Amino acid sequence: MARLSRFEAYVPLSTDASRFFKKNKQLYNSTLFFGGTFMKHLSRKLLCLLGGGLFGIAIFQAVAPSAADASFQSFAITTGPAFRPLKTNDQYASLQWAYLNDGTFERQVVMNYLQLTEEALLDHRLAEPAAGDGPASRAYLTIESQPNIDLNLESAWQLYDETENKREVVVALIDSGVDITHPDLMDSFWINSGEIAGDGIDNDNNGYVDDVYGWNFIDNTAVIHDSSLSNEENHGTHGAGTIAASRGNEIGIAGINDNQYVKLMVLKTVNGTRGIGSYKAIVAAIQYAEANGADICNLSLGTYTDYPEIQEAIAQSKMLFVAACGNGDSYYNIGYDIDVSPVYPASYPQDNIISVASLNFDGNLSNSSNYGKNSVDLAAPGESILSTLPNGRYGMMSGTSMAAPMVSGLAAMLYSSHPDWSLADVKTALLSSVKPLDSLQDKVLTGGIPDATAAMQWEKSTS
């Protein structure tokens, strides 16, 4: 049985939600829509994405209602912006709590009163329920952020910007495809200089025709972006923005990296709508990335099944792999110990893998995040992460799939700014400089989350 995928769909603002907002106009107008849970049991031949819920944000992009949306009643809001926003002019940077968390970001979930008991047990403290005791009653759950539960990225940016002699780094994004036309991503992509676009010839003789930006291993084509299939590209486009969206361009969000130096190689290996793909596509994508010069490989996907072919491809690669450790069991989506029940490739023992769990902005492991004192290296922000979506949109997603690109982005920044470091040094710097959290002790190997500034200042041993 392969890993299950959990997605939560866009839904429009319900009647109940509209009434709530009318009564609470002081809340920042950034609406998250909680949809249903998409789960599918998969055959042995399939892998799947490890992303969490996908939330549309009303002020960024309206979503048309549909008849199917009537069943979705739960929703959430975030307050903001941060009182002390990032020192960047990107339009929505104040909502990027993962980079700088001043404690003002919070999420309030409004839900059916009869759903409350189970949800309260799984989530955080319970606010006062709404009046009434029937199925139509509402109750509010509030999740508040804790200051400094973040990547400490602002000072790291300053150190990076002051660094001379940076090297270009290529991050392979093995995922669902990416909208390469997004305004915040247009300058972020690796380009195969040995290929002439659209001439129908394999100019560089690498076995792939017109692979200018990467390859689509689902359809065996160079088409890695199709605007008519934008929903398939949500997952990959979101991860791409975290790693390398343009910073300081007065629109959208800030990516972790300076995309003058860090580029994304797009390798489509899973279907973004269903979130599944074959292990053979994953192997082929790893081999392609290795052969075409990628340095770091982001794997926001996984399976219950141990495929020796995938492990061998990773073991034979010089790349540093960052793997999401998964989003809980197939029924409740409650995180479990992958030391006991492995998820691959995150559970493989290879030294060139960093396994990542998801952290909430309150300093606790996300409820859906897997963990493992031996199998998972660290946790990174993965809850309510704002990033790019296809067709020029932005939205919040949650899950270990959102946490892994945080670490891939930091790894790329370190490797770019330290030309004398090996990729093994990058992993050591990240893991040895974490910010320890009590909540992560006995949950992940390092007991902490990345500290970008401390990692930038890590000193390689000369002995």
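The structure is a predicted model, in which local features need pLDDT of at least 70 and side-chain atom pairs count only at pLDDT 80 or more, whereas totals for chains, interfaces and linings use all residues. Residues are numbered from 1 along each chain as its sequence is written, and side-chain values use heavy atoms, with hydrogens and water left out.

The mean pLDDT (the predictor's confidence in each residue, from 0 to 100) is 80 for the protein, and 73% of its residues reach 70 or more. Over residues 53-81 the pLDDT is below 50, and this stretch has 100 contacts in the model beyond near neighbours in sequence, a contact being heavy atoms within 4.5 Å. A pLDDT under 50 is also found over residues 113-136, for which the model has 42 contacts beyond four places in sequence.

The secondary structure comprises 9 helices and 22 strands; helices (H or I, at least four residues) and strands (E, at least two) are DSSP runs, numbered from the N terminus. Of the 463 residues of the protein, 61% count as buried. Buried here means under 20% relative accessible area, exposed means over 50%, and partly exposed lies in between, with a 1.4 Å probe and protein chains only. Among contacts with a separation of 6 or more, 76% are accounted for by residues 24 or more positions apart.

Strand β12 (residues 262-268) is largely enclosed by the rest of the structure, because 7 of its 7 residues are buried. Both of its faces are covered: Val262, Leu264, Val266 and Lys268 are buried on one side, and Lys263, Met265 and Leu267 on the other. Strands are taken to pair if DSSP finds at least two bridges between them. Strand β10 (residues 169-175) runs parallel to β12 and is joined to it by 7 bridges, with Val169 having Val262 as its bridge partner in β12. Strand β11 (residues 214-216) is likewise parallel to β12, through 3 bridges, and there the partner of Trp215 in β12 is Leu267.

In helix α6 (residues 308-315), the buried residues are Ile310, Ala313 and Ile314. Seen down the axis of α6, these buried residues fall within an arc of 100°, so they line one face of the helix; the arc is that of the directions from the helix axis to the C-beta atoms. In general, an α-helix has 3.6 residues a turn, so residues three or four places apart point the same way.

Aromatic rings of Phe, Tyr and Trp (its six-membered ring) pair if their centres lie within 6.5 Å; planes under 30 degrees apart count as stacked, over 60 as edge-to-face and the rest as tilted. By this rule the count comes to 14 aromatic pairs. Phe105 and Phe361 form an edge-to-face pair, at 4.9 Å centre to centre and with 70° between the planes. Phe105 lies in the loop between β6 (75-79) and β7 (106-112) and Phe361 in the loop between β17 (353-359) and β18 (378-381), so this pair ties together parts that are 256 residues apart in sequence. Phe105 counts as buried at 5% relative accessibility, and Phe361 counts as buried at 0%.

The pair of Tyr279 and Tyr307 is stacked, because the ring centres are 4.5 Å apart and the planes are at 10°. Tyr279 lies in helix α5 (residues 279-291) and Tyr307 in the loop between β15 (301-302) and α6, so the pair ties together parts that are 28 residues apart in sequence. Tyr279 and Tyr307 are both buried. One aromatic cluster is formed by Trp190, Tyr208, Trp215, Phe217 and Tyr288.

Charges also sit over rings, a term that requires NZ of Lys or CZ of Arg within 6 Å of the ring centre and within 35 degrees of the ring normal. Lys166 lies over the face of Tyr160, at 5.0 Å from the ring centre, and Arg247 over the face of Trp157, at 4.3 Å.

Two single residues complete the description. Thr237, in helix α4 (residues 234-244), is buried with a relative accessible area of 0%. Leaving aside neighbours within four places in sequence, the contacts of Thr237 include Gly177, Asp179, Leu185 and Pro390. Gln441, in the loop between β21 (435-436) and β22 (448-449), counts as partly exposed at 39% relative accessibility. Gln441 touches Pro436 and Gly447, not counting residues up to four places away in sequence. Gln441 and Lys373 are 68 residues apart in sequence and 8.1 Å apart in space, C-alpha to C-alpha.
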